[in-house]
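Please open the model in your viewer and follow the stops below in order, selecting the residues as they are named.

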Amino acid sequence: MLFRGLLILFGLNQTLAIALVPQLVSFLGLSNSSQNLAIVTLIINVNLLTYWLGTAFWGDLVSKISIVKCTRIASIGFLFSNALFWSALFIVETPSLMFIAFSRLALGLFTSAFIILAHSHLAQITNTSFGQLAKISGAITLGRLIGPSLVLLPFSMEWLLLFPTIATGLFIPFIFFMTNTEPHKPAFEAPSKPINSPNFALILITALLTTILVSTVQYFILPLLFEMGYEGVLGSKVYAALLLYLTLTVIIYQFFVLPRLTPYLSIIPGLIIAALLISCTLFVVSLHNGLLLIIALTMLTFAISALPSWYSQKAYEHNQTLAIRAYRSSRIARAHTTGHLLGTAISSLTLYLNLPLIIPIWIFSLSLIGLIITLHKHTYFKANRYLKYSTVNKEDHE
């Protein structure tokens, strides 16, 4: 529960700052030009750089020291990074963009630990099931829903940006009362098989393409709404309502639907493939039809909700040592961040060239389908080999 709380704060912190970007532009005394908006947005998102670098660092550190110690370090760092960001805006007489950027870089380094720690904790209690991994992803999504929702409350920006610091401060005492449930041994077990394998490489590519697809679809929605005639204030309201609906749908999938599908893992790949094909087909015919667009996004939301839990479960199921699981969790987190960066770049270039975004959406979806089929076949053949090996051993003993 503690790790889910930290993941909620992680998701909340990022979306809260992004939702406040228009206010930050005015607060910093900048004009409302697109250039200034781009600069502030870039500074707020600069934490993605250290997040990408930090995933490898925390993956290695978790395998060397206890999860409890890493959790304390990351949580305190998260607290002070948020406090530094707030101070850079409201304590100094003249806010410095460089000081603000530095605080965001520090924030990225410490937040990159949270999902690795959550996955490592599940591995420690031998509960990395599909349903539990879905709930981990759902905690981040819940935070991303709460962040923009706070902006709708009648509080000033100063109090809103102080909220993550206060909330983290309330968590710190519980973190220091955490007990170390790790096995008492001098070191982590040595990996019984190579940490990197062709199968894991496919999992990383799947993680990369999943977040690229998410970023591309985000860019796809708004121009489509413009084509439907939703512009100005009405366009903003419709877009915000659609994003809120999608976030709520993801939460329902990750907390309620996917955990109930855990006993039926064999059908998950087929459901994901069907959702991708139906959603992409509806995107093509959804021009000027809001209902079809909502159905398409609902189907796609199922696919992108199920995929991270599915391929994470594939990455962990044959590796029992904490060292391997921490390493793999860090690499998957890095693939997610890389996907967001590449998705943004590819979408921007596609729009700049005046090409329809449905083209890369179809390319990424079909690539994902191919990877899902390949990974499923690998797992099936491994399971059969293991069953045969177990049967032979049993007969030999008899």
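Over which ring does the charged end of Arg334 sit? Select Trp52: the charged end of Arg334 sits over its ring, 3.9 Å from the centre, where sitting over a ring requires NZ of Lys or CZ of Arg within 6 Å of the ring centre and within 35 degrees of the ring normal. Arg328 has its charged end over the ring of Phe200, 4.3 Å from the centre.

Residues are numbered from 1 along each chain as its sequence is written, and side-chain values use heavy atoms, without hydrogens and water.

Next, select Phe78 and Phe114, an edge-to-face aromatic pair with centres 5.3 Å apart and 70° between the planes; rings of Phe, Tyr and Trp (its six-membered ring) pair if their centres lie within 6.5 Å, and planes under 30 degrees apart count as stacked, over 60 as edge-to-face and the rest as tilted. Phe78 is buried at 0% relative accessible area, as is Phe114 at 1% (buried is under 20%, exposed over 50%, partly exposed in between, with a 1.4 Å probe and protein chains only).

Then select Phe27, Trp86 and Phe90, which form one aromatic cluster.

Finally, colour by confidence: the protein chain averages a pLDDT of 78, and 80% of the residues score at least 70. Where pLDDT is low, the predicted coordinates should not be read in detail.

Terms used. pLDDT = per-residue confidence, 0-100.
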